[in-house]
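Please read the sequence and the structure shown here side by side.

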Amino acid sequence: MPATVLESPRLRLRVLEPGDADQIFALINDFEIVSNLSAVPWPYERAMADDFIRDSAVRAQEMTVICRAIALRGDPGLIGIIDMRFRPDRTGVFGYWIGRDYWRLGYASEALGAFVAFAFEALGMKRVGAEALLENAASLGVMAKNGFSAGALVSRRRPNFGDTVLMREMWLDRVDWERRADG
Ligand SMILES: CC(C)(COP(=O)(O)OP(=O)(O)OC[C@H]1O[C@@H](n2cnc3c(N)ncnc32)[C@H](O)[C@@H]1OP(=O)(O)O)[C@@H](O)C(=O)NCCC(=O)NCCS
């Protein structure tokens with residue numbers, strides 16, 4: 001997978017670098033973020049950020065997950081992370097988070113929109129989606145703004161908290177995205 005940088009009006013979605021670990025740790029070591037994610041351990045330790053960056057390079061080579069730092073244009077740092085996991089039948093499943101200081105500014109919506117376009121145009125996906133906790137209005141809002149529709153309600157066991165939670169699947173099919181893109 002080439003290390004494509006995805007661009008949107010205010011953001012650059014770039015490959016993670018080893019030097020991002022301190023900032024990832026500073027931003028994600030926040031219960032309000034991790035409690036909405038299933039794949040991120042809690043409590044979060046600094047070394048986990050190094051592992052995450054290393055793993056993301058391996059997964060990109062394997063073509064199992066594509067991960068990008070969400071960065072403000074003109075700023076070398078990052079404000080969050082977005083990734084897409086490849087599932088069978090050309091389906092991509094997203095995960096994302098934004099550091100608390102940057103919430104409610106439209107950044108997650110913008111990052112997801114850019115990555116969805118990349119997924120359909122460059123990666124040839126047929127369908128993309130994500131799962132959000134039923135009470136995660138912010139994430140459901142981000143997906144709704146990008147044209148995702150509500151799918152099934154699913155019960156999931158979360159490895160990080162050892163509990164079982166209800167999640168809402170959200171999906172966007174290629175044909176519907178194309179129709180939206182055509183205006
Ligand atoms: C979910 C998250 C990424 C949203 O990031 P964000 O950049 O603040 O989102 P946006 O500004 O693009 O919000 C888009 C829409 O979502 C909804 N939304 C965002 N934050 C919200 C909140 N706190 N409460 C209710 N709705 C919210 C709104 O409809 C908003 O549009 P509006 O501002 O025009 O009304 C961020 O809250 C986060 O990192 N949360 C913790 C991790 C997480 O939940 N990840 C997703 C797992 S599925």
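Q: In which loop does R104 lie?
A: The model is a predicted one, and in it R104 has a positive phi of about 65° although it is not a glycine. Most residues other than glycine have a negative phi. As for its place in the chain, R104 lies in the loop between β5 and α4.

Q: How far apart are the end C-alpha atoms of helix α3?
A: Helix α3 covers residues 46-62, which makes 17 residues. At 1.5 Å a residue, such a helix should span 24 Å. The computed distance between its end C-alpha atoms agrees with this, being 25 Å.

Q: Around the axis of α3, how wide an arc do the buried residues A49, F52 and S56 cover?
A: An α-helix has 3.6 residues a turn, so residues three or four places apart point the same way. In α3 the buried residues are A49, F52 and S56. They lie on the same side of α3, because the arc that they cover around the axis is only 50°.

Q: Which elements do the buried residues of α3 pack against, and which exposed residues does the face turned away carry?
A: On the buried side, the residues of α3 pack against α1 (21-28) and β3 (65-72). The face of α3 turned away from that side carries the exposed residues A47, D51, V58, Q61 and E62.

Q: Which elements do the buried residues of α1 pack against?
A: The buried residues in α1 are I24, L27 and I28. They cover an arc of only 85° around the axis, which puts them on the same side of α1. These buried residues pack against α2, α3 and β5.

Q: Is the peptide bond from W42 to P43 cis or trans?
A: P43 is found in the loop between α2 (31-34) and α3, and P43 is exposed, with 9 other C-beta atoms within 10 Å. Most peptide bonds are trans. The bond from W42 to P43, however, has an omega near 0°, and it is cis.

Q: Which element gives the most residues to the shell around the ligand?
A: Of the 22 residues around the ligand, N36, A108, S109, A138 and G141 come nearest. The shell residues divide into 14 nonpolar, 6 polar and 2 charged. At least two residues each come from β5 (91-98), α4 (107-121), β6 (127-133) and α5 (137-145). The element that gives the most, with 6 residues, is α5.

Q: What is the radius of gyration of the chain?
A: The chain has 6 helices and 8 strands, and 29% of its 183 residues count as buried. For 183 residues, a compact globule would have a radius of gyration near 16 Å. The chain agrees with that expectation, and its own value is 16 Å.

Terms used: Residues numbered from 1 in each chain as written. Predicted model: local features only at pLDDT ≥ 70, side-chain atom pairs only at ≥ 80, totals over all residues. Helix = DSSP H or I, 4+ residues; strand = E, 2+ residues; numbered from the N terminus. Expected span 1.5 Å × (residues − 1). Buried ≥ 20, exposed ≤ 12 C-beta atoms within 10 Å, placed from the backbone. Arc of directions from axis to C-beta. Contact = placed C-beta atoms within 7 Å. Near = placed C-beta within 6 Å. Nonpolar A, V, L, I, M, F, W, Y, C, P; charged D, E, K, R; others polar. Rg over C-alpha atoms; globule rule 2.2 N^0.38 Å.
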